[in-house]
Amino acid sequence: MQATILQMLREQPGDFVSGETMCNSLGVSRTAIWKHIKELQDAGYQIEAVRNRGYRLQSSPDLVTAVELRDGLSTTLLGQSIVYRETIDSTNNLARELANNGAIEGTLVIADEQQQGRGRRGRDWFSPPQSGVWMSLILRPELPLAHAAQITLVTAIALARALTRLTGVQAGIKWPNDILFNQKKCCGILTEMHAEFDQIHHLVLGIGINVNIPQADFPADIEHIATSLQAVKGTPIARAKVVQTVLEELEPLYRQYVADGGFGTLREEWKAHNITLGNNIIAHTAQGTIEGRALDIDEFGVLLIELPDGAHKKIYSADIMFT
Ligand code: BTX
């Protein structure tokens, strides 16, 4: 109901929408409309109410609530169910719990702030309030287990496209799970999986995007490696718009990945957005450190490295640094 009221107000920018119009199109009483307007005002929307004229939206806060996200979202799978929390430990934790309890595919869990946002291998992910997109999607692709990890690469393509569109500045993919602007990390992906034998029960696709974080607000240990969309673009960006753009870019790519039975047909698109291949890198893997030149990725998203002696090596998972 609140989403519809907001939509009606936004369709008439600068103009009043009469209480009567709202009552008629929503089929509820004036008191009910007033109650919803009051709730929107309490949430930070500035809505002018004038007797005999109606309501006029003056400004909207930068929120990632379900009401804000639904307004104008054009996807049909991702984000059809939205669970919002003002504060949470990690959206990946709640998403896992909901997935285990049967949440539908495409369910989006999103929080204004994470107290224990995490990256890979138990590392921390800085997730302050009111300035980022901290979200997790529940996916249930019918694919063999071997293809599950490729969702990270599919998502990276969607993010590179979305963040480039939002900022007007080219974003690049650093294999396997980072999106960078000018060598600085703006976004990370954390995919977690629940599977048995060869069957994926669900994937939790965690995405963290630094949106309106001023450069000076990053903690000292990541200040030199992190950036935000605002720092790149020079102006703040509405976080709901960021979420919608990401979901809209991801949905067709996800459908293609599932329909084609893996990442293979998206490989060239990944390469077009990557900033990894062709560079000399150091890769920290669970088995040790490897130095060489990043040559290619195969249809499974595995990174191929040329070692100093000319031999080739495949890397399945690593943290890489450019040298
Ligand atoms: P990662 O392991 O590749 O990167 C983690 C590293 O990135 C940290 O050790 C730190 O150096 C750096 N870092 C920490 N916070 C930030 C930040 N805000 N911006 C840039 N660099 C940072 C990357 O893991 C995967 C991150 C996924 C985060 C999402 S948020 C929603 C979901 N919930 C959750 O707990 N995690 C995911």
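**View 1. Residues around the second largest pocket.** Lining the second largest pocket of this predicted model are 22 residues, with Ala149, Gln150, Thr152, Tyr316 and Ser317 nearest its centre. Helix 6 (151-167) and strand 8 are the elements that give two or more residues to this lining, and strand 8 has the largest share, five residues. A pocket here is an open set of points on a 1 Å grid over the protein atoms alone, where a 1.4 Å probe fits, with protein on both sides within 12 Å along at least five of seven lines, and lining residues have an atom within 4 Å of a point. Helices (H or I, at least four residues) and strands (E, at least two) are DSSP runs, numbered from the N terminus.

**View 2. Space and setting of the second largest pocket.** The second largest pocket holds about 430 Å³, a volume being the space filled by probe spheres set on grid points joined across faces, edges and corners. Because domain 2 (66-272) and domain 3 (276-322) both contribute to its lining, the second largest pocket lies between them; the domain bounds come from an automatic or database assignment.

**View 3. The largest pocket.** The largest pocket has a volume of about 870 Å³, and among its 43 lining residues Asp124, Trp125, Asp178, Lys185 and Ile225 are the closest to its centre. Strand 8 gives the most to this lining, with five residues.

Local features need pLDDT of at least 70, and side-chain atom pairs count only at pLDDT 80 or more, whereas totals for chains, interfaces and linings use all residues. Residues are numbered from 1 along each chain as its sequence is written, and side-chain values use heavy atoms, leaving out hydrogens and water.
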